[in-house]
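Visitor: I'd like a close look at one part of this protein, the part where charged side chains pair up. Could you walk me through it?

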Amino acid sequence: MMLFGVSSFGQGGGIWNFDWNMGFPMGDTKDFIGQPSFRGFSIEGRGFVTDQITVGGIGAWSVFYESIGWVTQEKENGKIYGYKRRYLNVMPLMVTGHYYFSQGQIQPYIGVGLGTYYIESRDFMGIYYTQGKEWHFGVAPEVGIIMPFGSSNTGVNINFKYNLAAKTKNQPSYSWLGINIGLSYIF
């Protein structure tokens with residue numbers, strides 16, 4: 001990522017994004033946890049390699065949680081009664097590329113992230129739980145807009161991202177729609 005940053009200075013700088021991430025589960029994720037997540041953040045650096053294309057990287061963390069309440073579950077040796085809740089801790093680390101349609105006051109863009117998601121899942125039943133810890137290959141296409149504050153180097157970043165973490169040997173695939181809002185610093 002440092003090399004991308006160094007090479008991008010010759011083209012006119014880059015962008016740092018600091019975003020609050022909200023996630024809305026889809027597919028197998030929705031089967032495990034149906035509630036949206038409002039607990040997430042990301043830091044992303046992008047360096048311009050041409051006037052309209054950036055290359056960079058993103059690191060993020062989101063937590064999905066759902067409380068199912070007091071339930072009785074059938075097991076091989078009988079029944080278990082307890083308070084059921086589920087967690088997903090998601091940490092993507094990705095290389096990103098973006099295309100900017102304009103460099104004016106409003107800067108719409110499309111992009112994609114490619115890399116890995118570390119996902120830790122926990123399914124609690126009372127004090128007992130099953131846990132999964134896996135690295136998933138992932139892709140995250142996105143569409144967004146940066147709106148600078150007047151003539152300053154800062155602005156608002158809003159984007160919509162479809163996160164897809166592929167199935168592994170021991171874990172299902174996970175997917176969610178991310179709505180991210182934050183601050184951009186343009187240098």
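Visitor: Let's start with Asp123: does it count as buried or exposed, and at what relative accessibility?

Guide: Happy to take you there, and please keep in mind that this is a predicted model. Asp123 has a relative accessibility of 18%, and because the cut-off for buried is under 20%, Asp123 counts as buried. Now look at what the Asp123 side chain meets. One partner is Lys84, joined to Asp123 by a salt bridge with N and O 2.9 Å apart. This pair links distant parts of the chain: Asp123 belongs to strand S5 (residues 107–125), Lys84 to strand S4 (residues 78–100), and 39 residues separate the two.

For a contrast, turn to Lys79 and Glu74. They form a salt bridge as well, with 3.7 Å between the closest N and O atoms. Here, though, Lys79 counts as exposed at 60% relative accessibility, and Glu74 is exposed with a relative accessible area of 60%.

Elsewhere, a network of salt bridges links Glu44, Arg46, Glu142 and Lys161. Altogether, the count comes to seven salt bridges.

Conventions: Residues are numbered from 1 along each chain as its sequence is written. This is a predicted model: local features need pLDDT of at least 70, side-chain atom pairs count only at pLDDT 80 or more; totals for chains, interfaces and linings use all residues. Side-chain values use heavy atoms; hydrogens and water are left out. A salt bridge is a side-chain nitrogen of Lys or Arg within 4 Å of a carboxyl oxygen of Asp or Glu. Buried means under 20% relative accessible area, exposed over 50%, partly exposed in between (1.4 Å probe, protein chains only). Helices (H or I, at least four residues) and strands (E, at least two) are DSSP runs, numbered from the N terminus.
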